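Biologist: Could you please take me through this structure? I would like to begin with a helix and then turn to charged pairs.

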Amino acid sequence: MAILMGSKNDWEKMKPAADVLAKLGVGTDVRVISAHRTPARHHEYVTGAEDRGIEIFICGAGMAAHLAGVTAALTPLPVLGVPLDGSAVDGLDALLATVQMPGGIPVATFAIGKAGAKNAGLFAGAILAGRDESVRKALAEFREAQTAGVPETPF
Ligand code: RP5
């Protein structure tokens, strides 16, 4: 599982993806790779990923967020895009840049920011759960614990 982000400044917002995958027992390779600032690193990492056993990409970026889309252009593997806030328009730019892919190059786009990162991690786990019994069990336990942690009243 690869978790890519456009800047080291994105890590705090992308960490929930790594945290939830750790809870599911799924290892992650976390990298700072920018479609704009490090295009050669991006190309090399993504095109060699399948041979290194990467099955899914989670890509988080802010502003003109092309990281997920360009990653999807370079690989047939599933790409989960997380638009990040922090810009002058609070992530709306990243949301549109991530979600508005042309037909033929799919990116599954999640909510802006930390909630999107967490859900991308859970969604990646759900993909793996189709063939991995231990991830399936861990996901069920996560849901049970989450439900049990919701109080019946706010007092
Ligand atoms: C994007 O530009 C990054 O994903 C980040 O969210 C944003 C700003 O990057 P920094 O200037 O903080 O490095 O490429």
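Predicted model: local features only at pLDDT ≥ 70, side-chain atom pairs only at ≥ 80, totals over all residues.

Biologist: Which residues of H6 are buried?

Modeller: They are Val135, Ala138, Leu139 and Phe142. Seen down the axis of H6, these buried residues fall within an arc of 105°, so they line one face of the helix.

Biologist: Why might residues a few places apart point the same way?

Modeller: An α-helix has 3.6 residues a turn, so residues three or four places apart point the same way.

Biologist: What do the buried residues of H6 pack against?

Modeller: They pack against helix H1 and helix H5. The face turned away from the buried side carries exposed residues, including Glu133 and Lys137.

Biologist: Now to the charges. How many salt bridges are there?

Modeller: The count is six. One of them joins the side chains of Glu12 and Lys114, at 3.5 Å from N to O. This pair links distant parts of the chain, with Glu12 in helix H1 and Lys114 in helix H5, 102 residues apart.

Biologist: Is Glu12 buried or exposed?

Modeller: Glu12 is exposed, with a relative accessible area of 56%. Lys114, at 44%, counts as partly exposed.

Biologist: Which residue forms a salt bridge with Glu55?

Modeller: Arg131 does, and the closest N and O atoms are 2.2 Å apart. Glu55 lies in the loop between H2 and strand S3, while Arg131 is in the loop between H5 and H6.

Definitions and conventions. Residues numbered from 1 in each chain as written. Heavy atoms only, no water. Buried < 20%, exposed > 50% of the residue type's maximum accessible area, 1.4 Å probe, protein only. Helix = DSSP H or I, 4+ residues; strand = E, 2+ residues; numbered from the N terminus. Arc of directions from axis to C-beta. Contact = heavy atoms within 4.5 Å. Salt bridge = Lys/Arg side-chain N within 4 Å of Asp/Glu carboxyl O.
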